[in-house]
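This report describes the strands, sheets and nonpolar cores of a single protein chain. The structure under discussion is shown below.

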Amino acid sequence: MNARESISDRLSATGTANALEMRNVSKKFGALAALSDIDLTVRPGERRAVLGSNGAGKTTLFNCVGGDYPATTGTIRFFGEDVTGFPPYERIRRGLRRTYQISLLFTGLSVHDNIYLACAGMSRSRFSFIRPRRNDALMASADNLVNLVHLNDARHQLVSNLSYGQQRQLEIAMALAGAPRFILFDEPAAGLSPAERSDLIAILTGLPAHMGFIIIEHDMDVALRVAESVTMMHNGRIFKHGSPAEIEDDPEVQALYLGGEDG
């Protein structure tokens, strides 16, 4: 699927409720306002990048959407349902997934075993102790995800033996377990080589058409190549929205990035 495919082409298959709506969302830590009056709408199937310098509030935004931090004020809706007060596991049950800047993997298990456990954890049979058969549906799901993130050649390797880039690919596969409706990608290209970044772009642009996401990314080139819309943040507020081309050519955005460390 092309990353520039029209959002409207995907709406017919996903319904009309917005995937994510944030209205007047603020997050304070004591006297510090990490987020201030955030209004953000992401449609089903939309791929959006959230960019900004260090301290802009991007990770705090993800923490509020995912439920790791409760919003101090405001409302968060996920596919039309008010999830503002929901804990993370309830948001996960409704189809929200997230990756983190630090990989959370079982390093003593194989690639395939990690993905299988992620699939099993999202299934109704997650408490079963019966050894899976080769034709088990969850095994098939794990096989599909191994291929989707380009790890087929490493499927039987221990995670501890993978390169850093392969570990990030594995984390994406685990986030895809259970057919999520929306994913938050937190710095997936951080620390990757140019070749690994190209592979990451291919993985993200090749996700199922109905599956929207928000990506926070240091690498502006990666973010603009996988997203069809961009939100800029600065000092805990929404600074600007636009298409990748508009954001890339915007003099205020250029001044913001040249004026401080990219984050």
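In this predicted model, strand E7 (residues 182-186) pairs with E8 in the parallel sense, over five bridges. Between the two strands the chain passes through helix H7 (residues 194-205), and this β-α-β crossover from E7 to E8 is right-handed. Within the pairing, Ile183 stands opposite Phe213 in E8, and Asp186 stands opposite Ile216 in E8. E8 is also joined to strand E3 (residues 47-51), by four bridges and again in parallel; here Val50 has Ile216 of E8 as its bridge partner.

How far is strand E8 covered? Strand E8 comprises residues 212-216, and five of its five residues are buried. Gly212, Ile214 and Ile216 point one way from the strand, whereas Phe213 and Ile215 point the other way. In a regular strand, side chains alternate between the two faces of the sheet.

E8 belongs to an open sheet of six strands with mixed pairing, in the order E6-E7-E8-E3-E9-E10. The edges of this sheet are strand E6 (96-98) and strand E10 (237-242), each of which pairs on one side only. Neighbouring strands of the sheet are turned by 20° against each other on average, with direction ignored. Helix H2 (residues 58-66) packs on the sheet and touches E3, E6, E7, E8 and strand E9 (229-234). The direction of H2 makes about 150° with that of E7.

A further open sheet has four strands in the order E2-E1-E4-E5, and its pairing is antiparallel. Its edge strands are strand E2 (32-42) and strand E5 (81-82). Strand E1 (residues 20-29) is joined to E2 by seven bridges, and Val25 stands opposite Ile38 in E2.

| Strand pair | Direction | Bridges |
|---|---|---|
| E7 and E8 | parallel | five bridges |
| E3 and E8 | parallel | four bridges |
| E1 and E2 | antiparallel | seven bridges |

In soluble globular proteins, nonpolar side chains tend to be buried together. The largest nonpolar core here has 50 residues, of which Leu51, Ile115, Leu170 and Leu204 touch the most other members. Helix H4 (residues 111-121) gives the most to this core, with six residues. The core lies between domain 1 (2-95 + 180-258) and domain 2 (109-179), because both domains give residues to it.

Which residues does Leu51 contact, apart from its neighbours within four places in sequence? Leu51 is in contact with Lys58, Glu217, Met220, Ala223, Leu224, Val230, Thr231, Met232, Met233 and Tyr257.

**The chain as a whole**

The secondary structure of the protein chain comes to ten helices and ten strands. Of its 263 residues, 49% count as buried. Among contacts between residues at least 6 apart in sequence, 69% join residues at least 24 apart.

How values were computed:
Residues numbered from 1 in each chain as written. Predicted model: local features only at pLDDT ≥ 70, side-chain atom pairs only at ≥ 80, totals over all residues. Heavy atoms only, no water. Buried < 20%, exposed > 50% of the residue type's maximum accessible area, 1.4 Å probe, protein only. Pairing = 2+ DSSP bridges. Right-handed = clockwise from strand over helix to strand, strands pointing away. Core = buried A, V, L, I, M, F, W, Y, C linked by side-chain atoms within 4.5 Å. Domains from an automatic or database assignment. Contact = heavy atoms within 4.5 Å. Axes fitted to C-alpha atoms, helices over the stretch in contact; angles between N-to-C directions.
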